[in-house]
Structure formats: C-alpha cells, structure tokens
Amino acid sequence: MSVMTNERAVSDKEMIADAEAALADLSRVRAGVGKVIFGQESVVERTMVAILAGGHALLVGVPGLAKTKLVETLGTVLGLDSRRIQFTPDLMPSDILGSEVMEQDEAGKRFFRFIPGPIFAQLLMADEINRASPRTQSALLQSMQEYHVTIAGARHDLPAPFHVLATQNPLEQEGTYPLPEAQLDRFLMQVDILYPEIEAERRILLETTGVQDGRAENVLTAERLRAIQTLIRRMPVSESVVEAILNLVRSARPGNGNSDTDKHVSWGPGPRASQALTLCARARALYDGRLAPSVDDVHALAEPVLQHRMALTFAARAEGMNVRDVIARLVKAAG
C-alpha cells in the first residue's frame with residue numbers, strides 16, 4: 001500500500017511540474033499573440049482552447065475583424081506549419097487534398113506520383129468555408145475527422161498536430177453553401193467574433209497604420225504543443241464538473257424534462273458535445289493558470305461548444321429567439 005502511495009505521490013509531483021512548465025509556456029503564448037491581436041481576448045482564449053484541446057474551430061464574424069490575422073499569428077507563435085485556402089464555389093476536392101500525376105523516368109517507365117495539397121499542414125485556415133460546394137466541404141471535413149486522406153486507394157496521413165480554423169461570413173449572400181448540421185458537429189467550438197471595444201479599436205488605429213506593424217514571434221514548437229495537449233488529457237476532472245457537464249448537455253435536449261427546451265429546441269447536442277466540454281474545460285483551466293477545471297469553466301464554454309450543435313423550432317425562430325438565448329437560460333438555471 002505504501003509503495004502504491006509513493007508512486008502516486010511521485011506521479012502527482014511530475015504532473016504538477018509539467019503543468020507549471022506548461023503554464024509558463026502558455027503565458028508567453030498569450031503575450032506573443034497580444035502583441036498583434038488587440039481587444040479580442042475572449043476570441044483568442046476560445047481559439048487557443050480549441051487548439052489545446054486538440055480540435056478544430058469555426059470562426060464566425062463579418063469581414064475585417066482580423067480572423068485571418070489571428071490564424072497567421074497563432075501559426076507563428078505556436079511554431080506550426082500553417083497554410084491558407086480561400087474557398088470558392090469552383091474549388092474541387094483535389095485542389096485541397098492533392099492529386100496523382102503521371103511521370104516518366106529515364107528508362108521510359110511511367111508511374112504515378114502523389115502531390116500533396118495544401119491540407120497537408122499543421123494549422124490550416126479554411127477561409128470562407130461556406131463558399132465551397134458541399135462536395136469540397138465534405139472532403140475537408142472528412143479529413144478533419146479521420147486525420148488522413150485517401151487518393152486512388154492509397155492512404156496519406158496528415159501531419160500531427162493537425163488543426164483547422166475555418167472562417168465563415170454570417171451575412172446572407174448569394175453563392176454560399178451553409179454547412180450541414182452533421183458537419184458543423186465536427187468543429188469542437190464555434191467562436192463568434194464581434195466588433196472590438198472602442199479602446200481596442202483606438203489602439204488598432206494607432207498601432208497598425210504607422211510605418212511598422214507589430215509582428216508575432218515564435219514561442220513554442222509543434223512537439224511542445226503536442227506535449228501540452230497530452231498533459232491536458234491527463235488533468236483530473238472532479239465529479240462535480242462531470243455532473244455539471246452531463247446536466248447541462250442533457251438539459252439542452254428535448255424530452256429530458258426541461259420545459260423550456262421542449263418548447264424551443266428542435267434537436268439538441270449529442271455525446272460529442274459532452275466530450276468537447278470536458279476537453280475544453282481542462283484546456284481553459286490550464287490556459288488561465290489552473291491545474292483543474294471548475295464548473296465555471298463549463299458555464300463559460302457552454303455557448304461556443306453547444307450553439308452549433310442545437311436547432312430551434314420554427315415557432316421559437318418566429319418569436320425572434322436564437323440559440324444563444326436558450327443556452328444562456330440553461331446556464332442560468334444550472335447556476
């Protein structure tokens with residue numbers, strides 16, 4: 001018994017030491033991003049949480065709110081090989097996945113060689129993903145789920161880590177193809193980007209219209225990021241946090257005893273939402289300098305994790321309600 005106790009104590013000490021080193025690294029990451037991105041602390045936090053949790057994020061906002069700049073900055077600061085794809089209606093799956101070309105050697109023998117597409121990156125920005133055709137969207141989203149592509153029957157693994165930060169314009173425009181609900185579910189979080197506060201916008205005006213712009217500097221490596229992601233999965237989760245996640249997610253499903261949900265929600269989040277909340281709560285705790293998640297982390301992440309995994313009834317939409325209103329009520333009821 002004493003041997004097991006000693007081993008557990010050593011393991012706990014090692015984990016605490018690893019967590020303290022990770023906290024120092026993440027503090028430098030926050031400072032590095034803050035040199036370039038102003039006044040979007042919540043957006044940066046949620047995007048970083050999605051990456052630290054090992055998932056993908058959907059960034060939704062009107063043009064000009066630094067979505068592209070954010071992804072570029074994160075790629076530089078985190079030391080990831082980053083690429084950008086501008087989605088258009090005529091973009092084909094082979095344009096992002098890659099294709100095989102026929103070549104001929106000196107002996108005259110012909111063979112096929114695979115040329116990887118831009119998806120073979122550690123951090124991929126899928127810009128205006130809702131402008132691509134459903135066929136191209138499905139090719140990208142399948143890769144996000146399976147972490148490999150199959151071309152001509154041959155499997156090609158994607159780099160590790162592999163993260164997709166997709167942007168979407170919320171304005172209704174012609175030539176767009178909204179993502180189906182089943183494909184939206186593959187994003188760990190939906191991060192809404194709002195207009196900056198006046199002080200942040202004043203700083204943007206002063207610091208980005210001069211001769212020199214602030215530039216991001218590399219802080220981490222891809223290997224170090226993966227080590228932190230593994231540490232997050234090892235972080236303990238208390239029973240109260242598990243119960244808070246289960247109660248919140250289940251209360252968002254019709255037919256589970258919540259009258260407000262039964263009245264306004266057409267369909268609710270599945271178990272993948274519970275998994276996402278668990279991982280993201282751990283990641284948020286570490287990002288904020290804590291070694292274990294709390295119920296507050298669950299409530300703070302409820303909107304970005306659940307809003308793209310729920311749909312309102314026609315009557316609720318006719319009343320002018322939105323999903324965020326319903327989630328806010330559920331969080332308030334959970335108290």
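Predicted model: local features only at pLDDT ≥ 70, side-chain atom pairs only at ≥ 80, totals over all residues.
A helix here is a DSSP run of H or I at least four residues long, a strand is a run of E at least two residues long, and both are numbered from the N terminus.

Let me take helix 2 first. Helix 2 covers residues 41–52, which makes 12 residues. From its first C-alpha to its last, helix 2 reaches 16 Å, and that is close to the 16 Å expected at 1.5 Å a residue. Is helix 2 enclosed or open to the outside? It is largely enclosed by the rest of the structure, because 10 of its 12 residues are buried. The buried ones are V43, V44, E45, R46, T47, M48, V49, A50, I51 and L52. After helix 2 comes G54, with a positive phi near 85°.

Helix 11 has 17 residues and spans 24 Å between its first and last C-alpha, close to the 24 Å expected at 1.5 Å a residue. Of those 17 residues, 13 are buried, so helix 11 is also largely enclosed by the rest of the structure. Just after helix 11, G289 takes a positive phi of about 95°.

Now to the inside. The largest nonpolar core has 70 residues. Which of them touch the most other members? They are M48, L52, L74, L286 and L306. Helix 11, residues 271–287, gives the most to this core, with 10 residues. As for L286, leaving out residues up to four places away in sequence, L286 touches A19, A22, L23, L26, I228, L231, I232 and M235. There is also a second, separate core of 27 residues, and I85, A132, L140 and A166 are among them.

Five strands form an open sheet, in the order 2-5-8-1-9, and the pairing is parallel. Which strands sit at the edges? Strand 2, residues 82–86, and strand 9, residues 189–192, do, and each pairs on one side only. On average, neighbouring strands are turned by 20° against each other, direction ignored.

At one end of that order, strand 1, residues 57–60, pairs with strand 9 over four bridges, in the parallel sense. A57 has M189 of strand 9 as its bridge partner, and L58 stands opposite Q190. In strand 9, M189 and V191 point one way while Q190 and D192 point the other way, and all are buried.

Q307 lies in the loop between helix 12 (295–306) and strand 11 (311–312). Is Q307 buried or exposed? Its relative accessible area is 8%, and the limit for buried is under 20%, so Q307 counts as buried.

On to the aromatic rings. The count of aromatic pairs comes to two. In the pair of F114 and F120, the ring centres are 5.9 Å apart and the planes are at 70°, so the pair is edge-to-face. Both F114 and F120 are buried. The other pair is Y147 and F162, also edge-to-face, at 6.1 Å centre to centre and 85° between the planes. This pair links distant parts of the chain, 15 residues apart: Y147 is in the loop between helix 5 and strand 6, and F162 is in the loop between strand 7 and strand 8. Y147 is partly exposed at 33% relative accessible area, whereas F162 is buried at 3%.

Last, some backbone details. A160 and P161 are joined by a cis peptide bond, with omega about -5°. P161 is in the loop between strand 7 and strand 8.

Two alanines have a positive phi. A66, in the loop between strand 1 and helix 3, has phi near 70° and is partly exposed at 36% relative accessibility. A152, in the loop between strand 6 and strand 7, has phi of about 55° and is exposed at 63%. That is the end of my part.

Terms used. Residues numbered from 1 in each chain as written. Heavy atoms only, no water. Core = buried A, V, L, I, M, F, W, Y, C linked by side-chain atoms within 4.5 Å. Buried < 20%, exposed > 50% of the residue type's maximum accessible area, 1.4 Å probe, protein only. Contact = heavy atoms within 4.5 Å. Pairing = 2+ DSSP bridges. Axes fitted to C-alpha atoms, helices over the stretch in contact; angles between N-to-C directions. Phe/Tyr/Trp six-rings, centres within 6.5 Å; stacked < 30°, edge-to-face > 60°. Expected span 1.5 Å × (residues − 1).
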